[in-house]
Amino acid sequence: MTTARRLVMTEDQEALRTAVRDLLTDHAPWASVLARTESDAPYDIALWGRLRELGVTSLLIPEEYGGSGGDARDLAVVCEQLGAFVAPVPFLGSAVVATAALVAVRSEPVAADLLGQLASGGLTAALAIPATTVPGADLSTTVRAADGKLTGTVTPVMDLDGADLIIVLALDEGEPALYAVQPDEVDSTLVLPITPLDLTRQLAALELAANPARLIVRGLPALAAVATAVATGAAMLAAEQVGLAQWSLDTTVAHLKDRHQFGRPIGSFQALKHRMAHVWRRIGLARAAAIAAADVLVTETDLDEIAMVIAVAASYCSETAVFAAEEMTQLHGGIGMTWEHPAHLYLGRAKADELILGAPDQHRARLAELVDLPPS
Amino acid sequence: MANAELAGRIAELVAEHGTGERAAFLGARFDAGLAWVHFPEGHGGLGLPRTEQSAIEDEFARLGAPPTAQADNVIGYGMAAPTILEFGTDEQRQTLLRPIFTGEDIWCQLFSEPGAGSDLAAVATRAVRDGDYWIVSGQKVWTSFAHVAKWAILLARTNPDVPKHRGLTYFVADMNAPGVEVRPLRQLTGEAEFNEVFFTDVRIPDSARLGDEGNGWAVAQGTLMNERMAIGGAATRESGMVGVLAALWRERPELRRPALHERLMRLWVEAEAFRLSSERQRQQLLAGRPGPDGSGSKVTFAALQQGSTALELEVLGAEGLHHEDWSLRRPTESNWLAGGASHRYLRAKGNSIEGGTSEILLNVIAERVLGLPREPHSDSGLAWKDLPR
């Protein structure tokens, strides 16, 4: 029924993990992430530049388009670390989702050109779909194309504000099509930022009113590209969630060893130890599921099997991240309720992550179809 | 299989002995070093990496060879054999290992007692030295296979005057010796998988001691460690209890209810994540990078078994009210599938108790994996005889 997947990291992936982790340790400490949330620049452009220098922002882009030519398994290694640091960069929206959409139609000259710009120019891109789009769901759009101009609204879109390139799914005389809206063609008032629950991932509404756009591709390939992008996004989000959960566990365990009450480290109380052990146990399952989800994107050809493995990872990792972040908040007591402690950055990100690219119940509903377990 | 030379020897063995009785075939396997391949030559193995075992079992199965005696001799294979190999004398290895593998000698484990469950080091069964013998008296409990076992691994107290972990010694006990009494212990399922075992002045020769006097705790830890090191093959999706549940859901559409579906899918997802995580642990072990121990896996397995068996009854509704058989039966092998849904539900309650309760395993994870401090213990440093009880 299933072939055994490679679920252990290669040496190259171990090295990549260490490189990204070291970079984030130096350049994305939580205190600066927290400070940035109230600044005018919610995203850290300098950090994005460093990630670009490391080659990880173009991992999905093949080398002939100027990318670093990795695969989704490598990308997952990066995403796990970005989740662990709740790094304020538009990675999921740009380097994962938008890039995956363009890679899927790279045989189209416009897509190839845009991929080249993303790879070499250090631009960021956003795919204008609602952040809550569910893998496998029928795609729809209210954006209409006429005479090379787009009109319509899409919201909430992740990593849209500040994107140099916006890829839009539109209906062109009833036919789906992908268009590219370039930055200098967008009136900045058409990107309306939304104050997000997750302070480390930006959301905005896109309002297009006859904005000029370049056609990338029309017809079924346009829909297929968006579907691939959503599935890739869900799989990489699962990896982020594993990183977030692991950081929450590590931080909480450290606190429980350090914090004394009743003359003992509170981590010696069995009631708290068991809670931590459960978090650890669930992360072990979540990590295996997330690695498998990245693996199927590279090695599996059966589309249902790909969708199934991703649905398992997405639903399980979403809930595990929320569980770990909520346990962290509770077990830090009053400290965890303060603004000055980073727990809330992780809690907000975990809960928001649960709602994007398919909520757990939506992933399970999709899974039920795929494995022939109908609800009624 | 990858190793052609080994495949050749397996094929030869099957051709020569594969059609005979199981015990004879398994004896030939043992003699050829193809029993436990990581054991040394002359003791049923070839000194190969432990990771080769699953490929070898696959190859035997592929050629239609008789199965191993693993299912009838769980304790013999999983606990006694590796402990005898590690701590036994040459004579013990020569005489005891082969009949374990062939299934001729069934083994049981005499560790737990009424007063020593999670706190295993508190065992009270006394062994008193008498020349070349030990005189053993006490009561053991939760003993699977005791009614069919020829031998037991036994943990007994040889010195009550030192702290509990230091006064234990590990023995091999003859279950047919005078003074050994086995009584069925009926479980909540109605059957009696387990036994109580009473020792009254049972004479055990000192030559049946495994490891040094007073070193029983270390030997017992080795036994438990070995059990956790076993590497199984890759499991397939929907194997196990979730598969039973999924099959029922597919076959009986009239039983479907929306709230049950939500739970079914949660269990399905967790079972699949668990399967992947077990596969990942296996691959890490094969790559020579073992991850943290299997305590978490056992907690997860128990939770999945209990969740799935409970849901199976709820899906069945009226049919779930029926219990197949309350009579006192004596199963000789573990088969959780047998006996119907209500039996599965009741039997699964033992999954979070046998082989370490989930609560103790969570402590193990918290302390050994996460490094959280132990609870203050009231018994540390006290001689066993002075412990509060």
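Biologist: Which residues is L267(B) in contact with, leaving aside its neighbours within four places in sequence?
Modeller: Those are V242(B), L304(B), G307(B), S308(B) and L311(B). Keep in mind that this is a predicted model.
Biologist: Thanks! And where does L267(B) sit?
Modeller: In helix α8 of chain B, which covers residues 258–286.
Biologist: Buried or exposed, and why?
Modeller: L267(B) counts as buried because there are 20 C-beta neighbours inside 10 Å, and the cut-off for buried is 20 or more.
Biologist: Let's move to the contact between the chains. How many residues does each chain put in?
Modeller: Chain B brings 37 residues and chain A brings 35 residues. On the chain B side, α7 (241–251), α8, α9 (295–316) and α11 (358–369) each supply at least two residues.
Biologist: Which helix gives the most on that side?
Modeller: α8(B) does, with 16 residues. That is also the helix that holds L267(B).
Biologist: Now the cores, please. Which residues have the most contacts inside the largest nonpolar core?
Modeller: That core has 166 residues, and the ones with the most contacts inside it are A128(A), I167(A), A238(A), A289(A), A290(A), I310(A) and A313(A). Helix α7 of chain A, residues 220–258, supplies the largest share of this core with 20 residues.
Biologist: What does A238(A) touch, beyond its sequence neighbours within four places?
Modeller: A238(A) is in contact with A289(A), A290(A), A293(A), A313(A), A314(A) and C317(A). There is also a second, separate core of 62 residues, which includes F87(B), L97(B), I106(B) and V123(B).
Biologist: Last topic, strands! How do β2(A) and β3(A) pair?
Modeller: Strand β2 (residues 144–146) and strand β3 (residues 149–158) of chain A run antiparallel over three bridges. For instance, R144(A) has T151(A) in β3(A) as its bridge partner.
Biologist: What's in the turn of that hairpin?
Modeller: Two residues lie between the strands, and D147(A) in the turn has a positive phi of about 55°.
Biologist: Which other strand does β3(A) pair with?
Modeller: Strand β7 of chain A, residues 203–212, in the antiparallel sense over eight bridges. There, G152(A) stands opposite L208(A).

Note on methods:
Residues numbered from 1 in each chain as written. Chains lettered and ligands numbered in written order. Predicted model: local features only at pLDDT ≥ 70, side-chain atom pairs only at ≥ 80, totals over all residues. Helix = DSSP H or I, 4+ residues; strand = E, 2+ residues; numbered from the N terminus. Buried ≥ 20, exposed ≤ 12 C-beta atoms within 10 Å, placed from the backbone. Contact = placed C-beta atoms within 7 Å. Pairing = 2+ DSSP bridges. Core = buried A, V, L, I, M, F, W, Y, C linked by C-beta atoms within 7 Å.
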